[in-house]
Amino acid sequence: MYSRKLKEELLDKLFEAILSLKSIDECYQFFEDICTVAELKSLAQRLEVAKMLELNQTYGEITQVTGASTATISRVKRALNYGADGYKLVLDRLVPDRE
């Protein structure tokens with residue numbers, strides 16, 4: 001069970017709402033309303049950066065493919081190395097043969 005300092009009731013409610021979504025179309029509907037286009041693109045970019053870092057691609061390759069800054073790549077790398085393992089959890093489920 002997750003017990004980090006981020007946990008709070010409002011976030012629990014947000015995550016329950018996300019977990020209630022049943023399709024990609026429903027995700028588009030909800031996230032288009034709750035996030036800006038820039039926020040959504042940033043989240044998607046970070047996930048792709050994490051995937052590429054896990055595949056040992058260089059910062060240059062990652063920047064070229066995703067357009068992410070070196071600061072963003074470093075932030076994602078720090079989360080991969082010292083974070084709550086959320087990226088790893090999702091990447092293991094999305095790309096099970098990545099190891």
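**Ground rules**

I noted that the model is predicted, that local features need pLDDT of at least 70, that side-chain atom pairs count only at pLDDT 80 or more, and that totals for chains, interfaces and linings use all residues. Residues are numbered from 1 along each chain as its sequence is written, and side-chain values use heavy atoms, with hydrogens and water left out.

**Overall layout**

I looked up the secondary structure, where helices (H or I, at least four residues) and strands (E, at least two) are DSSP runs numbered from the N terminus. The protein has 6 helices and 0 strands. Read from the N terminus, the order is α-α-α-α-α-α.

I then took the dimensions of the C-alpha trace, which spans about 35 × 30 × 30 Å along its principal axes. Of the 99 residues in the protein, 14% are buried.

For contacts I used heavy atoms within 4.5 Å. Among contacts with a separation of 6 or more, 38% join residues 24 or more positions apart.

**The core**

Which residues make up the largest nonpolar core? I first wrote down the rule: a nonpolar core is a set of buried Ala, Val, Leu, Ile, Met, Phe, Trp, Tyr and Cys residues joined through side-chain atoms within 4.5 Å. The largest one has 10 residues: Val49, Ala50, Met52, Leu53, Ile62, Ala68, Ile73, Val76, Leu80 and Leu91. Helix 3 (37–54) and helix 5 (70–82) are the elements that give two or more residues to this core. Helix 3 provides the largest share, 4 residues. I set beside this a general remark: in soluble globular proteins, nonpolar side chains tend to be buried together.

Beyond its neighbours within four places in sequence, Ile73 is in contact with Val49, Leu53, Tyr59, Ile62, Thr63 and Ala68.

I also checked Ala79, which lies in helix 5. Ala79 is partly exposed, because its relative accessibility is 27%. From C-alpha to C-alpha, Ala79 and Ala50 are 8.9 Å apart in space, although 29 residues separate them in sequence.

**Two threonines**

Thr66 belongs to helix 4 (residues 59–66). Its side chain reaches the backbone nitrogen of Ala68 at 3.0 Å. This falls under polar contacts: a pair of N or O atoms within 3.5 Å, where within protein one must be able to donate a hydrogen and the other to accept it, and residues adjacent in sequence count only if both atoms are side-chain atoms. Apart from neighbours within four places in sequence, Thr66 is in contact with Gln45, Glu48, Val49 and Met52.

Thr72 sits in helix 5 and is buried, because its relative accessible area is 12%. With neighbours within four places set aside, Thr72 is in contact with Gln45 and Arg46.

**Cysteines**

How many disulfides are there? With a disulfide taken as a pair of cysteine sulfur atoms within 2.5 Å, I count 0. Cys27 is in no disulfide, and the nearest cysteine sulfur, that of Cys35, is 11 Å away. That distance is too far for a bond. Cys27 is partly exposed at 29% relative accessibility, while Cys35 is buried at 19%.

**Aromatic rings**

Rings of Phe, Tyr and Trp (its six-membered ring) pair if their centres lie within 6.5 Å; planes under 30 degrees apart are stacked, over 60 edge-to-face, and the rest tilted. My search of the whole structure found 1 aromatic pair. The ring centres of Phe30 and Phe31 are 5.4 Å apart and the planes stand at 80 degrees, so this pair is edge-to-face. Phe30 is partly exposed at 23%, and Phe31 is partly exposed at 21%.

**Positive phi**

Where is Asn56 found? I located Asn56 in the loop between helix 3 and helix 4. Its phi is near 60 degrees, a positive value in a residue other than glycine. Asn56 counts as exposed, because its relative accessibility is 68%.

Asp85 lies in the loop between helix 5 and helix 6 (86–94). The phi of Asp85 is near 70 degrees, again positive in a residue other than glycine.

Key. Buried means under 20% relative accessible area, exposed over 50%, partly exposed in between (1.4 Å probe, protein chains only).
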